[in-house]
Amino acid sequence: MSEEDTNFEAGEGPEEPTNHSQDDQEAPQREPIPSVLHSFYEDRPFVSCTRCGESLEHFEEGYRISKNFKGEEVIVEYALCMPCLNAMLDEASEESKQRLAEFQNERYRDVSGFNDCALCDKQFDEVKDEEYGLVGVCHGDDMVDSAMICFGCMEDMSEIMSEETRRTWDKFREENFPGVPSDFEPFPSRPAPVTL
Ligand SMILES: [Zn+2]
Ligand SMILES: [Zn+2]
């Protein structure tokens, strides 16, 4: 239960004054993938896509690591290459996509890293004993964006999904993580590339 077991500061590198303009608010800030986003089960960084099995370093577009925790326990973890992630998101019903896009527009906060929930004003310290999810958008060995989502927000997100959409993700989860209870959120890709 001590603080030193965790490594969460890794998500928040020191903010250096930048010498590029502030206009490009999404200027990727590369940093090495923090160990908290390594594969717990394999005890090393993720090397292949959980869905298609392709080697992650080959994806120009990068990939996304998602890990759900309960306290310090890893409940589920996976890495999806962008084509697989998009395919998964694409299977969502039109209605779900629409609602998810609205939800993102309403709730996504301009935060990055693991200290603040991306969707509400909770901080990691307030949620670390319950369930929460960590997400990292990665490219090669680097992480270019990261987010934390608290349990309440996962539930909110899951609520707006249609039955059908939830089934897609449940199926993915069952196939890859048999025995894992399925209260699942499809983390939308961020920051809001969805066009309405
Ligand atoms: Zn894949
Ligand atoms: Zn939240």
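Reader: What makes up this protein, in helices and strands?
Author: There are 5 helices and 5 strands; helices (H or I, at least four residues) and strands (E, at least two) are DSSP runs, numbered from the N terminus. Along the sequence they read β-β-β-α-α-α-β-β-α-α. Mind that this is a predicted model, where local features need pLDDT of at least 70, side-chain atom pairs count only at pLDDT 80 or more, and totals for chains, interfaces and linings use all residues. Residues are numbered from 1 along each chain as its sequence is written, while chains are lettered from A and ligands numbered from 1 in the order in which they are written.

Reader: Why is F124 called partly exposed?
Author: A residue is buried if 20 or more other C-beta atoms lie within 10 Å of its own, exposed if 12 or fewer, and partly exposed in between, with C-beta atoms placed from the backbone. F124 has 18 C-beta neighbours inside 10 Å, so it counts as partly exposed. This residue belongs to helix α3 (residues 124-127).

Reader: Which residues of helix α4 are buried?
Author: In α4 (residues 151-160), they are C153, M154 and M157.

Reader: How do you know that they sit on the same side of α4?
Author: Their arc, taken from the directions from the helix axis to the C-beta atoms, is only 105° around the axis, which puts them on the same side of α4. An α-helix has 3.6 residues a turn, so residues three or four places apart point the same way.

Reader: What about the other side of α4?
Author: There, E155 and E159 are exposed.
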